[in-house]
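Here are my notes on the model you sent. Please read them with the structure open.

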Amino acid sequence: MIPNVGDVYCVYVEKLQQYAACQVTGLRETEGKTSNMLASVLQLDWTGDQLPNEIQLHQMKPLICNFYFWHDRVAHSFVNANVPSHYVLAGNIPPLYTEETNTYGGGWPIGESLYRQREWEGIDAIRRAQFKQAADDEEEVMVGDRVMRRSTSTLRDFSPKSAEDVAELAKLPCLTHVEMNGYTESIFPFIEDNPFINELHIIHHGQTMLDISKSHLTKLIVDVSGLERLILNTKMMSLNFTGELSPGLRIVAHEDGKCITLNVASGLPQVIGVSRLAGLYIREITELNLEPLVQYYPELSELRLWGKPGNLSHIETIQHLANLETFTTYDLFGFNGEQFPDPEQLPQLTTLWLTSLPSDAAKSIKTRYKKLAAAGLDVEITKARKPEWLAENLNNPFRDWDGREHIKAAHAKKAAQLYKQCLKEIRQLSQDNIDQEAFQKQLVSMVENYTQTFNKMDAKIGFIETVEREEIYVVLTELLDQLEQNLELRQDDSVNVNHEDLYEVFDRLRDF
């Protein structure tokens, strides 16, 4: 639904436990190949336990933000004009702010700026003044053995060895974000005493238990290798795991993680203590069964999935996520359109982004969600993939090289590209009408290039070991078998694949 200029909308904000409000100050149509309506939306300085009455509506004012590095600015940005279904129209009043914005937001405001402003105002006034003074200070100070500006907000590559190393951080009054490699006991008392530090990255800490319950952190990126117990604070919103997740990890979280979004790699994180997660991001998926995920985290309102690429099974079970508002996938396959839930089975859905998915599924889902898209659902279904793309990417046998400790990412990528190239040559050979001599000559050229490419890759560091050597040979045999099958399907007996001669070329040329 497209709003009217002056409309005031309210939405319930879980973190505030109240309604917040925003106003549409203008509408604009974008230019380009596909026109799209944008709305400029102003966040308002109002909260209430119930929706506002007429008197409260006319008393509303713009939210003026001065938290952290903001200087008395309004929170005013362009968003997609379609109003999310869970936003409630409270009334219409003349726009409270008439200057045009040049800011573009990711989505309709959900009270984030108001929450941050309230949190800021709860910090001691003297410390806030010190922060503001340092924010405009270009003076350089020595922090340990590093020269840094007093206004520095992000500290990277911090490797503390002692309490003295941590004490040096007091020279940075604007510090909000610490990235730490290693561990010292004194780091947490420092963070607990600093109300501005809201983000911590910590790797190679070597601890089995971490307790941040007294901190002001809202975002934690933590290496969970060997970690058995993690005690969180009540403000935590974003939790990101790196390293090897232990199946016995137990988290102590406020309301079982009701306001937390968890970001993990590969598969379903069966973590004790966060059964009420609000959001779950899973990256680098190769295979994922959604049925146990839905059972394990039934209160999810946001589910975002990224493939390596990979396969999803039981995608129909997301209909059992009663609170699901946002569902996105990227490079994920293994499902068809009929398995994807119908719109009426996902009544709370406001955002559906499916990027790089099976072409038949994309067509079916687009058709079924067309009416809801016109009514305001944020739907983007792009990069429909045909079977040929899946053969080159999803079923690429060298995709497993990516992530192996002794194989560089560049080598893994090059091997995968080489496989794609060979597949295309085989498809072309399957279609060409050429004699046996020309056919064999092109095949020999392909095998030579295949072998020499791996020779060059292996020449400097010798990463091709027994397993990789076997994989390279097996892939070649499968490519030649596939070519033979294609010829049989064409019922073409004018040419044939001379396997032994081609294997002889491979063995003679290979240096690995």
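1. Basis. This is a predicted model, in which local features need pLDDT of at least 70 and side-chain atom pairs count only at pLDDT 80 or more, while totals for chains, interfaces and linings use all residues. Residues are numbered from 1 along each chain as its sequence is written, and side-chain values use heavy atoms, with hydrogens and water left out.

2. Cavities. The count is two cavities of 30 Å³ or more. A cavity here is a set of points, on a 1 Å grid over the protein atoms alone, where a 1.4 Å probe fits but cannot get out; lining residues have an atom within 4 Å of a point. Grid points are joined across faces, edges and corners, and a volume is the space filled by probe spheres set on the points.

3. Largest cavity. Its volume is about 60 Å³. The lining consists of Val-11, Ala-20, Ala-21, Cys-22, Gln-43, Leu-44, Pro-109, Ile-110, Gly-111 and Leu-114. Strands β2 (18-29) and β3 (37-48) each supply at least two of the lining residues. The most come from β2, with three residues. Strands (E, at least two residues) and helices (H or I, at least four) are DSSP runs, numbered from the N terminus. By class, the lining has eight nonpolar, two polar and no charged residues. Nonpolar means Ala, Val, Leu, Ile, Met, Phe, Trp, Tyr, Cys and Pro; charged means Asp, Glu, Lys and Arg; the others, Gly among them, are polar.

4. Second largest cavity. This one holds about 50 Å³ of space. Around it sit Asn-233, Thr-234, Met-236, His-254, Gly-257, Lys-258, Cys-259 and Ile-260. Three of the lining residues are nonpolar, four polar and one charged.

5. α10 and α12. Helix α10 (residues 436-459) packs on helix α12 (residues 499-509) at about 30°, with the axes 9 Å apart. The pair is therefore roughly parallel. Axes are lines fitted to C-alpha atoms, for helices over the stretch in contact, and angles run from 0 to 180 degrees between N-to-C directions. Under 35 degrees counts as roughly parallel, over 145 as roughly antiparallel, 65 to 115 as roughly perpendicular and the rest as oblique. In contact (heavy atoms within 4.5 Å), residues of α10 including Leu-443, Val-447 and Thr-451 meet a set in α12 that includes Leu-502, Val-505 and Phe-506. The contact has eight nonpolar, four polar and two charged residues.

6. α9 and α11. The axes of helix α9 (residues 409-431) and helix α11 (residues 466-490) come within 9 Å and cross at roughly 25°. So α9 is roughly parallel to α11. Among the residues that meet are Tyr-419, Leu-423 and Ile-426 in α9 and Val-475, Leu-479 and Leu-483 in α11. By class, this contact has nine nonpolar, four polar and one charged residues.

7. α9 and α10. Here the axes come within 11 Å and cross at roughly 180°. That makes α9 roughly antiparallel to α10. The contact includes Leu-418, Cys-422 and Ile-426 of α9, with Leu-443, Met-446 and Tyr-450 among those of α10. Its residues divide into eleven nonpolar, five polar and two charged.

8. Backbone details. Which form does the peptide bond from Lys-308 to Pro-309 take? The bond is cis, with omega near 10°. Pro-309 lies in strand β20 (residues 302-313). Check His-204 too: its phi is near 50°, a positive value in a residue other than glycine. His-204 is in the loop between β12 (199-203) and β13 (209-211).

Terms used:
On a 1 Å grid over the protein atoms alone, a cavity is a set of points where a 1.4 Å probe fits but cannot get out, and a pocket is an open set with protein on both sides within 12 Å along at least five of seven lines; lining residues have an atom within 4 Å of a point.
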